[in-house]
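Subject: Structure handover

Hello,

Here is the structure I promised to pass on. Please open it first, then read my notes below.

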Amino acid sequence: MVILKSPEEIEKLKASNGIVADILSELREMIRPGITTIELDRYSEELALRKGAKPAFKGYMGYPFSLCVSVNNEVVHGMPSDRALKEGDIVSLDFGVCYNEYYGDSAITVPVGDSSDIAKRLIGTTRKALYSGIEEARAGNRLGDISAAIQEQVEAAGFSVVRDFVGHGIGKSLHEDPQIPNFGVRGRGIKLKSGMVLAVEPMVNEGTYKIKVLNDGWTAVTFDGKLSAHFEHSLAITENGPVILSEVA
Ligand code: MF3
Ligand code: CO
């Protein structure tokens with residue numbers, strides 16, 4: 001069941017997602033060779049608590065950290081550790097909070113120092129695919145319009161869309177209906193309505209779309225060891241079209 005949000009609830013979701021956006025932009029500033037992924041996790045938690053928000057991922061299904069940090073061939077749910085980032089790595093930071101009973105959720109992928117041309121193209125394609133999907137998030141369209149727009153962008157660039165993880169509705173829970181695949185067919189799926197709030201999150205692989213989950217039970221990696229990128233925004237569907245909630249004001 002998809003829960004529609006009132007304008008007042010959308011304001012609250014904007015506050016939660018604004019906190020996430022601010023924290024991601026602060027974390028992005030810290031990315032440099034030598035920093036460890038656990039330092040980023042600790043800092044994300046400290047920033048959230050300082051703003052009166054609760055890190056949303058910590059304890060969720062037993063996940064032990066506040067931040068997901070996925071490096072190079074890691075697709076999503078990378079676990080923070082004493083691993084130091086290296087020049088040329090690409091790193092995805094996925095962060096969520098609960099503030100005033102409403103959740104915020106967003107992710108970015110950034111290069112560490114200078115990265116390869118293919119890494120830059122993968123990151124650029126994934127971000128562009130997210131924005132093409134968001135563009136379709138309009139009342140009267142169908143869910144498949146979002147999914148197809150993302151898939152078309154990604155495959156036109158010669159990359160592949162991860163099948164095993166999806167975007168989601170967001171509100172008083174981190175994950176609500178509907179599930180939002182990053183591949184699909186235009187005109188299919190549920191009809192989109194004003195008041196829906198969606199977290200759209202394409203995960204894009206350089207090579208095969210296949211992934212596997214490591215023995216830690218969380219870290220998803222590409223099956224072929226090639227690179228992967230991930231971007232996520234939470235957005236509201238309004239009478240004036242899509243409004244991105246997780247952007248720095
Ligand atoms: N942004 C991810 C999601 O929407 C993060 C969840 S990871 C978990 O599913 F640790 F919270 F499970
Ligand atoms: Co999400």
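Of the 249 residues in the protein chain, 54% are buried. Bear in mind that this is a predicted model.

Overall fold first. The protein chain has 4 helices and 15 strands. Along the principal axes, the C-alpha atoms fill a box of roughly 45 × 40 × 30 Å.

Now the surface. The protein chain exposes about 10,600 Å². Carbon and sulfur atoms supply 50% of that area. As for charge, there are 27 positive and 34 negative charges in the protein chain. Their mean positions are 3 Å apart.

Next, the metal site. Which residues are the protein donors of the cobalt ion (ligand 2)? They are D105 through OD, H168 through NE2, E201 through OE and E232 through OE. These donors lie 2.1 to 2.3 Å from the cobalt ion. The spacing of the donor residues in sequence is D-x62-H-x32-E-x30-E. D105 sits in strand β5 (residues 102-111) and H168 in strand β7 (residues 167-169), so this pair ties together parts that are 63 residues apart in sequence.

Are D105 and H168 buried or exposed? D105 has a relative accessible area of 3%, which makes it buried because the cut-off is under 20%. H168 is at 5% relative accessibility, so it also counts as buried.

One more residue to look at: K226. Where is it? K226 is placed in the loop between β12 (220-222) and β13 (228-230). Which residues does K226 contact, leaving aside its neighbours within four places in sequence? They are N72, N73, E206 and G207. N205 is also worth a check. K226 and N205 are 21 residues apart in sequence, and their C-alpha atoms are 7.2 Å apart in space.

To begin with the metal site, centre the view on the cobalt ion (ligand 2) and pick out D105, H168, E201 and E232. For the loop, go to K226, between β12 and β13.

Best wishes

Note on methods: Residues numbered from 1 in each chain as written. Chains lettered and ligands numbered in written order. Predicted model: local features only at pLDDT ≥ 70, side-chain atom pairs only at ≥ 80, totals over all residues. Heavy atoms only, no water. Donors = N, O, S within 2.8 Å, 3.2 Å for Na, K, Ca; no water. Helix = DSSP H or I, 4+ residues; strand = E, 2+ residues; numbered from the N terminus. Buried < 20%, exposed > 50% of the residue type's maximum accessible area, 1.4 Å probe, protein only. Areas by Shrake-Rupley, 256 points an atom, 1.4 Å probe, with all protein chains shown as cover. Lys, Arg positive; Asp, Glu negative; His and termini not counted. Charge placed at Lys NZ, Arg CZ, Asp CG, Glu CD. Contact = heavy atoms within 4.5 Å.
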